Amino acid sequence: MYPHERSLVKRLENQPFALLGVNSDPDRQDLKELVKKEQITWRSWWDGGTEGPIANKWNVNVRGWPTVFVLDHRGVIRGKDVTGSRLDEFVDELLKEMKAAGGNN
Amino acid sequence: MRYTPMITLVVALGAACSYAAKGQQEKTELPFAAEFEKLKAAVDKLEESHAKRLGELKTEDQKAALFEVHIREATPLAEKALALVVGNAQDPAAVEVLTWIIDRGWGNWESTVVEKAADLLIQHHLKDRRTHNVVTGFAHLGMPWTEKMLRALVAAELPAKEHALTLFQLAQCLQGSAEFVPDSKIFDARRLKRVELLYGKDNVAKMRMADAAKLEAEAIRLFTDVADNYGNVEYNLKKLRDHAASAIYIIRNIGIGKTAPEITGEDIDGKPMKLSDYRGKVVVLDFWGHW
């Protein structure tokens, strides 16, 4: 999981792209050590546990972990549970679509 | 001579006891128990060996191919289990086998076997607590057999609390079916194949064509009914009123084609963080945990 995310972030570092996490670990101190060890450079909200407010609002407590949503540059939800090489393709398609639309909004 | 009646009594009692024990044993032990245990063990073994092989595979195509092999090899085992009870499905002993076929079916065998087991439970054991229990974990996936079973359970008018849960789970099921329509539009070939193996090919074709707006409307109606009439019922540590309210919120706001609601909070280091700061960028929102 982390290696794929690291390579995605690296590959798109000069693109209008962001990987954002919502973390559900209960212990923040352990988490800080993990972030250092796994070289997790992208930001995450800390949701405090599996029944955290963000996960609840996004139905992840029902759908299960891990779950991925992909949003376009307008903030519209375009993808759900997109994983593996499909995630790379999917993000590339949205970036292309954004450029075709002439950038922001 | 004096002891004779005593001995007779002991012998008679002993015989009676052993007879009773035998009778009881025949009652509780399934006539096909040994065969069923063998099938269960064979499924466990197959799962274990495929899980081990999966760990050794590198590419996504190899993993997808192994998944297909697994379903192909595990399905006959479930069919054999079904054959054990199919002529005698009204027997309470059949429930254990039928619920096992459903409980272990996801990712193990073709959905047609699960559907047959579900039909037999609906037909003969609708009011058996285990029938309701086994569908619970599958409700949100919105598969046709879960909808059929939950509609039958709702119509069976179980005791009030259980009835409330069947209504709530039917609403969850319709919500899942509604989500499947846009979700399945972005599947690539590999994902489609995987979902077809999990849900059944015919089911996927049918589910993709469904009227999502109509399903959403019925789900909202049912969630509202649950909140209004059974709001105080406790389920998974919360009241059904709260579960229903968040489900309605999710139907309206969280889904493909909807604008993502704002997320505010703190990052791992305690710095404030909000989603709208990333507007103008393509965002992958990754719900993760190391636990």
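**A quick tour of chains A and B**

Start at the hairpin of strand 3 and strand 4 in chain A: 5 residues sit between the strands, and A:Gly75 among them takes a positive phi near 90°. You're looking at a predicted model, where local features need pLDDT of at least 70, side-chain atom pairs count only at pLDDT 80 or more, and totals for chains, interfaces and linings use all residues. For selections, residues are numbered from 1 along each chain as its sequence is written, while chains are lettered from A and ligands numbered from 1 in the order in which they are written.

Now select residues 67-71 and 77-80 of chain A. These are strands 3 and 4, which pair in the antiparallel sense over 3 bridges (pairing takes at least two DSSP bridges). Click A:Phe69 and look across to strand 4: A:Lys80 stands opposite.

Zoom out to chain A. You'll find 5 helices and 4 strands (DSSP runs numbered from the N terminus: H or I of at least four residues, or E of at least two). Their order along the sequence is α-β-α-β-α-α-β-β-α. The C-alpha trace spans about 45 × 30 × 25 Å along its principal axes.

Next, hop to chain B and select residues 129-136, which form helix 6 and include B:Arg130. B:Arg130 counts as partly exposed because it has 16 C-beta neighbours inside 10 Å (20 or more would be buried, 12 or fewer exposed, with C-beta atoms placed from the backbone). Beyond its neighbours within four places in sequence, B:Arg130 is in contact with B:Val95 and B:Thr99 (contact: backbone-placed C-beta atoms within 7 Å). Last stop: the C-alpha atoms of B:Arg130 and B:Thr99 are 7.2 Å apart, with the residues 31 apart along the chain.

Technical notes:
Two residues are in contact if their C-beta atoms, placed from the backbone, lie within 7 Å.
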